[in-house]
Amino acid sequence: MRRLSVILATSLTALAQAPTAPVVNPRGVVNAFTQQPAPSVVARGGILHINGLNLGPPGGIAPATLPLPTKVGSPEIEVLINGTAAPILSAAPERIVAQVPVDAAAGVAEVVVRKGDARSRPARCLIQAIEPAVRSANDSGFGPVAGSMSGRTLAITAAGLGPTDPRVDTGAAAGDATPAKPAALLNAYIGGIKANASAALSTKRVGEFDVQIEVPDSARPGDLVTLTVQTQNAMRAANRTVFQGMRSPDVQYLPLPEGAPELRALADPDLNGNYLVGASARARDGCYSAWVFDLARKKSAKAADCLTTANANALTPVVAPAEGAVLAALVGPPPADAQPGMPISAKVQIFNPAMEQPLAVDLPSPAAGLTGLAGEVEAQIPGTPPQCIPIDGQTGELRDPGPCNLGGGGAGLGQVLGGAFTVDVDGLKSILSAPVGLVQGRVGLIVGDDADAPKKAKFAVLNLATREVVSSQDFPDGWLPLLAPRAPARPGPGGGPGGGPALQIPRQPVSWDVERRVLYALARTGDNGRHGLAAFTLDGNPAKAIEFPDGKFAAACSPQIRFFSLDLSRRLVLYGGNAPEAEVKDPCPALGFLQVDLATQAVSFVPIQGEGQFNGGLGGTAGELNDFVYGANTSAAPQSRADTLHVLDGVTSSTFRLDLPAGLISFQAPQPVAQLNWLIAVGTNRQPGDAGLVIFDLDRAEARTLPIPDGFASMTQAGVFLATRKLVARGIKNGATGSQFLIYDLITGDLMVVPNPDGVAWVGPPPAQGPAQPGQPGAQIQQAAANAKANTVAAFTYGDDRKQNGVVVVRVP
């Protein structure tokens with residue numbers, strides 16, 4: 001409870017100074033429907049919960065008339081979102097419910113509560129044009145959906161579906177005469193099967209949509225309800241809720257069809273875990289044989305003799321579009337000399353769970369590959385520039401070709417500029433940083449006169465369309481780029497030489513402050529005696545050097561030096577130490593956190609608690625989760641074991657440490673769970689997983705275990721299922737006699753050991769006996785396929801003889 005105590009102490013201090021002053025919890029502004037932890041995302045016109053102390057009157061107040069007022073109570077209570085008054089649905093001492101104005105600016109927003117003449121400190125949330133959210137039965141953001149059935153129609157409540165036609169003003173409900181419908185395309189799925197759906201803004205409740213969904217005949221208890229909103233450039237999905245509750249796991253099994261080879265990987269649609277395509281190992285001709293396992297129909301059949309992909313190392317050729325309900329693959333064989341980017345096939349197979357047979361699609365020209373973005377399959381057609389052809393997964397119809405959707409962000413920019421991208425800025429030709437999207441149509445990057453030891457460098461702004469240099473700025477006098485050390489070559493077989501060059505990533509760390517339009521680049525003095533940041537603006541002013549505190553340096557001993565941008569506190573954080581580093585070290589020691597206040601550009605160093613250090617390198621357990629920045633004292637790779645987690649709370653600028661619970665020696669491979677502010681790691685004594693799983697609860701600043709049950713020697717995490725707050729692990733029995741799925745309730749801590757189907761000793765491949773050989777169980781075979789969007793986990797099964805004999809799918813309650 002350390003973090004809550006810090007916030008409470010801060011709140012009490014504020015109250016002591018001004019008895020009537022409202023106090024907003026800096027992590028207390030959240031989406032009312034999803035309850036996503038701060039920094040929570042909410043749509044224009046959506047509903048916010050603002051949590052804190054002394055916010056509303058003791059007895060509470062809720063306006064009874066529409067449109068809603070922006071001021072209530074006496075003294076007057078007002079909510080300001082980026083300075084604009086927001087309509088108030090209710091106000092109580094510890095919570096205000098308000099609507100985000102429908103014309104609020106997208107991006108980080110400051111939320112302030114005014115009570116009379118007193119104002120709270122600002123807290124923050126993220127505003128999007130569209131951010132769908134579904135109300136759950138207990139307003140927790142998960143579990144059974146809040147809704148009612150009439151015949152085969154499910155009526156639910158949603159928010160954040162975007163602008164309506166006709167437009168409805170902030171604080172108002174829709175009129176009775178003409179339904180106010182979302183302008184964007186609405187899709188609904190139950191159990192991964194697409195359902196007809198319609199929505200209209202409520203005529204009685206502000207900011208809420210009444211949604212009607214025709215429930216498919218195949219719907220079953222435990223199926224998830226998925227609502228998505230599709231715009232021209234993106235698709236947004238709502239929080240997952242459950243159609244009807246299910247108390248126990250539903251175990252489904254299909255035996256391996258006669259004549260099927262050993263299969264290596266399973267693929268299922270993003271929204272449907274009851275339909276899978278299993279793929280064999282890739283043959284020398286580039287072909288994968290594939291088999292369909294339709295658990296809902298209890299059927300399995302051969303899908304194709306030859307599906308293919310340009311990626312020769314892929315476990316499966318099958319593509320699953322994000323937020324989609326189908327699978328797709330190119331039909332081979334590919335040309336013998338096929339390389340990535342070259343055309344390989346003009347034939348596509350679409351696998352749709354709603355259909356008995358796959359769809360065969362002929363393209364107008366051979367594609368280099370398939371992608372699955374925004375719920376759709378796209379065929380990539382090589383050319384200058386390349387084109388993508390969207391394929392309707394329900395009909396196989398080809399839509400008009402257009403530019404490929406690269407998904408935005410830095411990766412998208414890298415693809416747009418291309419691997420052969422070159423630049424010349426006053427004779428500087430070495431690109432030191434990844435390109436960063438700046439203002440519309442402009443990208444920025446750092447260039448220098450040498451890729452390893454630049455003596456001169458500039459910040460360059462380029463026109464994205466023409467790649468021409470628009471402007472450039474020198475580094476501050478006496479300062480140069482601070483590059484991450486070059487990664488060593490990968491070892492060859494058996495650890496010897498000959499493994500080839502390491503994968504190189506951009507070595508100049510940069511961060512773009514959208515609000516102030518400042519690009520920060522990590523920098524050093526010429527003798528490496530001081531570290532700091534070079535701050536570049538777009539107004540033509542000279543770059544500014546921001547020095548780190550005396551004796552403090554970036555932890556620059558890893559091939560990647562990471563910046564963490566914190567939304568709630570408007571800070572930039574990186575790992576820091578007491579000495580300048582110039583070579584790769586494993587572990588890469590860090591002693592604390594360097595944080596830059598983006599409003600004042602002041603830099604401070606926050607040391608970790610207690611003695612020791614943590615590993616800030618690539619092989620370390622380090623990262624950021626909802627403005628918590630963390631690192632662990634991991635050992636060198638490949639073991640990467642740790643016994644202490646060090647955390648910076650970016651909101652309070654304080655650190656805390658989490659030691660392991662009694663009886664555990666170390667942990668490995670923590671996985672973040674953003675919806676819970678948790679890290680879940682493998683507990684290790686002698687071997688990974690023999691001490692259960694460790695939960696690091698960052699909100700409560702505590703660590704606890706999910707113990708391994710009696711009869712099991714070790715376990716590994718298969719997946720976290722947020723719609724029902726469950727965790728599924730794969731447990732290996734004592735004596736390596738078999739394995740089973742274990743389901744932990746993350747709310748109650750209860751455990752369910754899932755029984756295996758008859759004839760199944762192992763879910764997932766048995767561990768290899770002796771050195772793994774190709775074709776031996778466990779050699780390059782998928783352990784388990786967890787689908788959190790469908791609440792299912794799947795695996796190949798094996799008998800007592802350790803031979804593959806089927807596929808199991810567990811529907812998680």
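A residue counts as buried when its relative accessible area is under 20%. In this predicted model, Phe-614 has a relative accessible area of 1% and is therefore buried. Tyr-575, with a relative accessible area of 3%, is buried as well.

These two residues also form an aromatic pair. A pair of aromatic rings is described by the distance of the centres and the angle of the planes. For Tyr-575 and Phe-614, the ring centres are 5.2 Å apart and the planes lie at 80°, so the pair is edge-to-face.

Over the whole structure, a search finds 7 aromatic pairs. One of them consists of Phe-459 and Phe-536, whose ring centres are 5.1 Å apart. The planes of Phe-459 and Phe-536 stand at 35°; planes under 30 degrees apart would count as stacked and over 60 as edge-to-face, so this pair is tilted. Phe-459 lies in strand β39 (residues 457–463) and Phe-536 in strand β44 (residues 531–537), and the pair links distant parts of the chain, 77 residues apart. Phe-459 and Phe-536 are buried.

Charged side chains are also found over aromatic rings. The charged end of Arg-27 is placed over the ring of Phe-628, at 3.8 Å from the ring centre. Arg-725 sits over the face of Phe-142, 3.9 Å from the centre of that ring.

Note on methods. Residues are numbered from 1 along each chain as its sequence is written. This is a predicted model: local features need pLDDT of at least 70, side-chain atom pairs count only at pLDDT 80 or more; totals for chains, interfaces and linings use all residues. Side-chain values use heavy atoms; hydrogens and water are left out. Rings of Phe, Tyr and Trp (its six-membered ring) pair if their centres lie within 6.5 Å; planes under 30 degrees apart count as stacked, over 60 as edge-to-face and the rest as tilted. Helices (H or I, at least four residues) and strands (E, at least two) are DSSP runs, numbered from the N terminus. Buried means under 20% relative accessible area, exposed over 50%, partly exposed in between (1.4 Å probe, protein chains only). A charge sits over a ring if NZ of Lys or CZ of Arg is within 6 Å of the ring centre and within 35 degrees of the ring normal.
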